[in-house]
Amino acid sequence: MMRALYTAASGMKAQQLNLDVTSNNLANVNTTGFKSFRTEFQDLHYQMLRQPGSQVANNILSPQGTQIGMGVTAIGTPRFFSQGDFQHTENPYDLAIQGDGFFRVVMPNGTFAYTRDGSFKTDANGALVTHDGYYVDPNITIDQNATNVTIGSDGTVSQTVNGVTSNSGQIQLVRFVNPVGLESLGKNYFRATQASGTEITGTAGTSPGFGALAQGMLEMSNVRVADEMIRMIVSMRAYEANSKAIQTSDEMLQIANNAKR
Amino acid sequence: MSSRGLYTAASAMMMDMVRMDTVANNLANVNTTGYKRQQTLHHDFRTGFIERLKNVQPYLDSRSGQESIEYRQARNATLGELGTGTVVSGAFVGFEDGALEDTGNSLDLALQGTGFFAVETPNGVMYTRNGAFTRNEQGELVTAEGFRVLGDQGPIQLPEEKVNISEKGEIYAGDQYLDSLQRVDFVEPWSLIRRGSSFFAAPSNAPQLPPEGRVLQGKLERANVETAREMVQMITALRSYQMSQKALQTEDEMTGRLINDLGRPA
């Protein structure tokens, strides 16, 4: 049967995936610390009908070959780790990272997870936790009688209890050689993989590239709605074009069948 | 069987199928970074001469010892040329630049103008226009599959901070020069072999040119497929297919008449 049928089908599948990724970006347009995805495509293998440079006549080489492509495949959905916009919240436990760092938190199973979502809270004991109750690592404990909690741009937490200001730890940041290689766990968490490399710890503000912390701010998603709309239009039209290719191939097969009456 | 037309029409139908396959591949890759469109080329088969059949036996003239004049005349009674069909002679690759998309990602690179990036793959060095690069866990510049992108001094080790890449492909970390991206330009880019995954392989000793393409950082080159052109190609292929089918049917009908009607006693 015709190659074109399967080739065009691969195109439709690819565009469907593209739309899936775009919809997820749009769905998360208001998710704190969300980093947008994009879909990367590559062409599939080629069937060689005639090798370029093959002899067509005595001492005459064909300058170009005939190779028929077999369609397209998605090679990956890398995230785009650009800075999101900041939103002013005035909540003292809301932190935004202005740079490439991540917060490190401890999952219930004891392993580390990483997040850009700095909308922290305190639990019943005053420990700084994420919205899921996971502890920030290293642990930061806020006294229950603390009146004024300040988190500096370097992550130093100071609190005032009964008029006495004291330092109660420092929030550390981590970064990765290849953040695109992080595994998304959902709920704004990431896990380190072999592709991302192991975590590199550092201090906010001072270690280069980690970025400074901003208290009372949240990092919004870096989804650009206009870009997503354009991607949606492009994938929709590409889907349409590929469906036309399927229709045409079908018609050609029908014509071939009707050749014999 | 005298119906040469059957085979001529069939050859055209086969060619149109290949044309359609190519269009479908272009359309499937309309969103593939760095994809270069293909177009099939075709040429006619060798044309034949039709000669009149005449019931003259070849015999030698008794006096001259050569072929008789009568026979020579009969042998040279050419009616004219007859084409015998068409064949795909090649698939042309359109290397014109695709549209640029601004991504803002510092490791997304586009080449404007001619040339390719060189990539080290398990099957040897390959060339690509897809500059959606990333870094691996060792901090090297790699393609989406993890193959290492080559600089003038081999694989490129990136620092932790963001790098700046000049139009000539020179990579800087701050003010410090690291390496230059290999840009490879071929004299005959159409002789490259497509390997899939946006890769082209070059025949050994393929002559090269001094690279001229400009490296643009934070941009990606989209496929250079134009949907309108592909649609026109698709319609042409379909209608030409249809026409050849009609020719084939007519030829079949004529042969049918010949067999069934001509010999029937009145």
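Start in chain B, where strand S14 (residues 170-173) is joined to S13 by two bridges, and the two strands run antiparallel. Keep in mind as you click that this is a predicted model.

**Stop 1: a three-strand sheet in chain B**

Zoom in on Asn164(B) and look across to S14(B): the bridge partner there is Tyr172(B). Now widen the selection. S13 and S14 belong to an open sheet of three strands in chain B, ordered S13-S14-S15 and paired antiparallel. At the edges you'll find strand S13 (164-165) and strand S15 (176-180), each of which pairs on one side only.

**Stop 2: strand S7 of chain B**

Next, select residues 116-121 of chain B, which make up strand S7. Is this strand mostly out in the open or enclosed? Five of its six residues are buried, so S7(B) is largely enclosed by the rest of the structure.

Which strands pair with S7(B)? Go through these in turn:

- Strand S8 (residues 124-128) of chain B pairs with S7(B) in the antiparallel sense over five bridges. The two form a hairpin with two residues between them. To see one bridge, pick Thr121(B) and its partner Gly124(B).
- Strand S11 (residues 148-151) of chain B is also antiparallel to S7(B), with two bridges. Here Glu120(B) has Arg148(B) as its bridge partner.
- Strand S16 (residues 183-186) of chain B pairs with S7(B) over two bridges, again antiparallel. Look for Phe116(B) and its partner Val184(B).

**Stop 3: stretches named in UniProt**

Stay in chain B and colour residues 110-173, which UniProt lists as "domain: Flagellar hook protein FlgE/F/G-like D1" in an unreviewed entry. This stretch is 0% helix and 47% strand, and its end C-alpha atoms are 19 Å apart.

Now colour residues 6-36 of chain B. The UniProt annotation for them, from an unreviewed entry, reads "domain: Flagellar basal body rod protein N-terminal". You'll be looking at 74% helix and 0% strand, with 36 Å between the end C-alpha atoms.

Hop over to chain A for residues 214-258, where UniProt (unreviewed entry) places "domain: Flagellar basal-body/hook protein C-terminal". That span is 76% helix and 11% strand, and its end C-alpha atoms lie 72 Å apart.

**Stop 4: a sheet in chain A**

Select S14, S15 and S16 of chain A: in that order they form an open sheet of three strands with antiparallel pairing. Strand S14 (148-151) and strand S16 (164-170) stand at the edges, each with a single partner strand, so one side of each has no neighbour in the sheet. On average, neighbouring strands here are turned by 20° against each other, ignoring direction. Between strand S15 (residues 156-161) and S16(A), five bridges join the antiparallel pair. One to click on is Thr160(A), whose partner in S16(A) is Thr165(A).

**Stop 5**

Go to strand S13 (residues 135-136) of chain A and pick Val136(A). Buried or exposed? Val136(A) is buried, because its relative accessible area is 1%, and the cut-off for buried is under 20%. Setting aside neighbours within four places in sequence, you can show its contacts: Arg104(A), Val105(A), Phe120(A), Leu128(A) and Val129(A).

Pro138(A) sits in the loop between S13 and S14 of chain A.

**Stop 6: two loops with positive phi**

Select Lys187(A), in the loop between strand S18 (183-186) and strand S19 (189-191) of chain A. Its phi is near 50°, a positive value in a residue other than glycine. Lys187(A) counts as exposed, at 56% relative accessibility.

Then try Asn205(B), in the loop between strand S18 (199-201) and strand S19 (208-209) of chain B. Phi is near 65° for Asn205(B), positive in a residue other than glycine. Asn205(B) is exposed, with a relative accessible area of 76%.

**Last stop: inside a cavity**

How many cavities of 30 Å³ or more are there? The count comes to four. Show some of its lining residues, including Pro52(A), Gln64(A), Gln38(B) and Trp190(B). Strand S5 (66-69) of chain A and strand S4 (86-93) of chain B are the elements that give two or more residues to this lining.

Key: Residues numbered from 1 in each chain as written. Chains lettered and ligands numbered in written order. Predicted model: local features only at pLDDT ≥ 70, side-chain atom pairs only at ≥ 80, totals over all residues. Heavy atoms only, no water. Pairing = 2+ DSSP bridges. Helix = DSSP H or I, 4+ residues; strand = E, 2+ residues; numbered from the N terminus. Axes fitted to C-alpha atoms, helices over the stretch in contact; angles between N-to-C directions. Buried < 20%, exposed > 50% of the residue type's maximum accessible area, 1.4 Å probe, protein only. Contact = heavy atoms within 4.5 Å. UniProt positions renumbered as here; feature names shortened; annotations may be inferred. 1 Å grid on protein atoms, 1.4 Å probe; cavity = no way out; pocket = protein on both sides within 12 Å on 5 of 7 lines; lining within 4 Å. Points joined across faces, edges and corners; volume = space filled by probe spheres on them.
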